[in-house]
Amino acid sequence: MAQETNSLHVFRVLHRIHRQLTDLEERLARGPRLIRIREQALTQAKARLAQLQEEARRLQIAVDEKQLLLKTTEENIRKRRGQLMQAKDTREYQLLLEQIQADEVANSTRTDEILEDFDRLDRYKVEIEEAKALVAKAAEELEAVKKQVAVEEPQLKAEILRVQKEREEAVKELSYEWREIYERTVRVKGEDALAPVETDHCTGCHQLVPINKINEMLRGEPTTCRACGRLLYLPENYTIKRKVSS
């Protein structure tokens with residue numbers, strides 16, 4: 001009975017170790033996740049910057065083409081104005097005049113478009129500078145997270161090894177029967193293999209634990225929850241909340 005009672009105590013210790021390991025492993029896994037998140041943020045910031053720069057480049061090309069066309073049309077207008085004085089007849093004169101008027105209308109519209117494009121280019125310059133700032137910020141945050149993880153990761157790994165060693169030592173204190181049941185349950189349930197009983201309920205699945213199961217634990221027998229399969233144990237100074245049949 002002393003060995004069985006001690007095994008119940010070891011289960012309490014093991015559950016504490018399991019929770020500690022779960023927390024440490026989660027903290028260890030959190031580092032790479034944070035790095036991936038920061039890397040994605042940096043990638044998105046760079047992609048946004050590249051998009052803005054490409055849009056600005058294309059707009060600048062369009063403006064250059066419009067300005068070239070504007071200049072060419074202005075030269076054509078000057079040329080046709082000179083041809084007006086040399087027109088052979090009214091029909092030729094009128095045709096030249098109509099071409100001049102059409103070019104002037106086109107250039108007027110083109111000039112308005114160029115002015116609007118210049119405004120857009122100015123806005124792009126502002127957005128590009130803001131995007132560059134975001135890229136720099138994302139890069140700084142990524143570097144900061146990498147440094148933090150580089151410091152914490154070895155410490156966490158060392159702590160995990162220490163707690164795993166503690167778990168191995170605790171398992172050695174179990175009787176052969178209890179150890180077999182414990183290791184079998186851990187193989188199936190992993191770190192979620194143990195659960196204390198509180199107010200006559202399994203804290204793993206919150207199902208009511210039958211009185212006969214609680215009696216088994218009180219007698220020092222290894223007991224599993226019939227609902228979730230976890231190994232059950234009683235906290236210290238456990239008090240049954242229901243009347244136990246004699």
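This is a predicted model: local features need pLDDT of at least 70, side-chain atom pairs count only at pLDDT 80 or more; totals for chains, interfaces and linings use all residues.
Residues are numbered from 1 along each chain as its sequence is written, and side-chain values use heavy atoms, leaving out hydrogens and water.

Next, the overall shape. The radius of gyration is 40 Å, whereas a compact globule of 246 residues would have one near 18 Å (taken over C-alpha atoms; the globule rule is 2.2 Å times the number of residues to the power 0.38). Along the principal axes, the C-alpha atoms fill a box of roughly 130 × 40 × 25 Å. Of the 246 residues, 30% count as buried, meaning under 20% relative accessible area with a 1.4 Å probe, protein chains only.

Now the fold. The protein has 4 helices and 4 strands, in the sequence pattern α-α-α-β-β-α-β-β. These are DSSP runs, numbered from the N terminus: helices are H or I of at least four residues, strands E of at least two.

The 4 strands of an open sheet run in the order S2-S1-S4-S3, with mixed pairing (two strands pair if DSSP finds at least two bridges between them). Its edge strands are S2 (201-202) and S3 (223-224), each pairing on one side only. S1 (residues 194-198) pairs with S2 in the antiparallel sense over 2 bridges. There, Glu198 stands opposite His201 in S2.

Note on methods: Buried means under 20% relative accessible area, exposed over 50%, partly exposed in between (1.4 Å probe, protein chains only).
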